[in-house]
Amino acid sequence: MHDLPRESPLAAVSPLDGRYAGKTADLVPYAGEAALIEARLRVEVEYLLALTDRDGVDCEVSTADRSHLCDVVDEFDADDAARVKRIETEGTDEFAATNHDVKAVEYFLRTETPERLHPWIHFGLTSEDVNNLAHRLNAKGAVEDVLLPAIEDVRESLTAMARDHRDVPMLARTHGQPATPTTFGKEMAVFAARLGRAEARVREAADELSGKLAGASGTYAAHVAAYPDIDWRAFSTAFVHSLGLEHTPLATQINPCDDLAALFDALSGVNNVLLDLDRDIWRYVSDRYLGQESENSETGSSTMPHKVNPIDFENSEGNLSKANSDLTFLRDYVTSSRLQRDLSDSTVKRNVGASFAHCLLGYRKTAAGLGKVVPNEQVMREELENTPEIIGEAVQTILRREGDTEAYERVKELTRGRRVTLADFRELFDDLDVDEDVRQELRDLTPAGYTGVADDLVDELDG
């Protein structure tokens, strides 16, 4: 199959740009090569404008110049990105190939500005001043504009399910064994609450992304050499804040990336909650607690026509597991650099978008799956009725209240290792030396009714 054009989705090396290209398209403005080039250009232009606005710097930008520079960023398109790439890799009539991606952006900007401004483009900067800001602008945009809304969609679905099914009784399982009943709504509320807390940590980490602009070794040396009387630390702080980022005052040539590590860790936290959810929902489908709505044209199994497989949750599990593997690697890798700078992190950071894409696929598949499942209340109630031993906890607790020191052992002897019925319990109740009102209290116990305040706990959800 050597005749496939490289741009064909069928020729994509990664499924993110092949099979899943349509589903990851929302991240392209923040995660593609063109997005990084555009973000670098934005930083360069914003820096040039801030620099020329600074009193004491011997350069002025006219109103027309300023308007044009803003247009260069706002109207940057695919052809412009391709031209930057050519300057880097092939060269043009004006420039030899730079073999340097940031320098290519600088030269591109020269072609868009009058010659008198050329000395001030990239003035005093190292490429990492531009790159660290560009990467964070893209990461912040991807998280706030794409990932967080997708997470919120899942949380809203879980919240709606919790409220709609708050009083649907369901057998719980601890260690895989039948345990004190709960309600399906309460279990979904647990996941909604967990996801809400994890989502808040992602928002906080995105808000705290922090940029550096301090020159080749983080000392402002070139800036100070040119203009020793300017407070470059204050300038840097104000400039980085103007981009919507926090400021990192102490750095080497690189921004230490602890902020990015915190963001990757927070996203892993979201993914862990959803992995737990995916696996539980998968089990509920397997146990027929949940039915699945499907399209008539959809194939569940290539050989078994009756099947409707929980593929959305399985797909989500696979993508979130892949995302967490990548995020853990990124978290651990980007926070170290040999001495003041080495380049190993540069290629690694180009994979941030891929990890975000696997996150996005996972979130959207979970949301799609939740939109198809429907609680099967009859199956849930039947299983409760067939597992009467689960009221044993209530029986022995009531008897303890009445002062029976052998309550636990009495119920254990009745239920451990054997099938029991409600009739067996009632025989036990008839033999107990308790008041009649207590005996009736015990007789009124049912598996479906033994859910405590599970339905009321759903009200603990915010929003």
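Colleague: Why is glutamate 128 called buried?

Modeller: Glutamate 128 has a relative accessible area of 2%. Buried means under 20% relative accessible area, exposed means over 50%, and partly exposed lies in between, with a 1.4 Å probe and protein chains only. Since 2% is under 20%, glutamate 128 is buried. This is a predicted model, in which local features need pLDDT of at least 70 and side-chain atom pairs count only at pLDDT 80 or more, while totals for chains, interfaces and linings use all residues. Residues are numbered from 1 along each chain as its sequence is written, and side-chain values use heavy atoms, leaving out hydrogens and water.

Colleague: What makes glutamate 128 and lysine 349 a salt bridge?

Modeller: Their closest N and O atoms are 3.8 Å apart. A salt bridge is a side-chain nitrogen of Lys or Arg within 4 Å of a carboxyl oxygen of Asp or Glu, so 3.8 Å meets the limit. The pair links distant parts of the chain, 221 residues apart: glutamate 128 is in helix α6 (residues 127-164) and lysine 349 in helix α12 (residues 344-349). Helices here are DSSP runs of H or I with at least four residues, and strands are runs of E with at least two, numbered from the N terminus.

Colleague: Is lysine 349 buried or exposed?

Modeller: Lysine 349 has 6% relative accessibility, so it counts as buried.

Colleague: Why can such side chains pair at all?

Modeller: Side chains of opposite charge can pair when their charged atoms come close.

Colleague: Which residue does lysine 103 meet in a salt bridge?

Modeller: Lysine 103 meets glutamate 106, at 2.9 Å from N to O. Both lie in helix α5 (residues 101-111), 3 residues apart, about one turn of the helix.

Colleague: What makes glutamate 436 exposed?

Modeller: Its relative accessible area is 55%, which is over 50%, so glutamate 436 is exposed. Glutamate 436 forms a salt bridge with arginine 439, with the closest N and O atoms 3.0 Å apart. Arginine 439 is buried, with a relative accessible area of 11%. Both residues lie in helix α18 (residues 436-443), 3 residues apart.

Colleague: How many salt bridges are found in the whole structure?

Modeller: The search finds 35. Glu33, Arg40, Lys85, Glu88, Asp101 and Arg350 are linked in a network of salt bridges.
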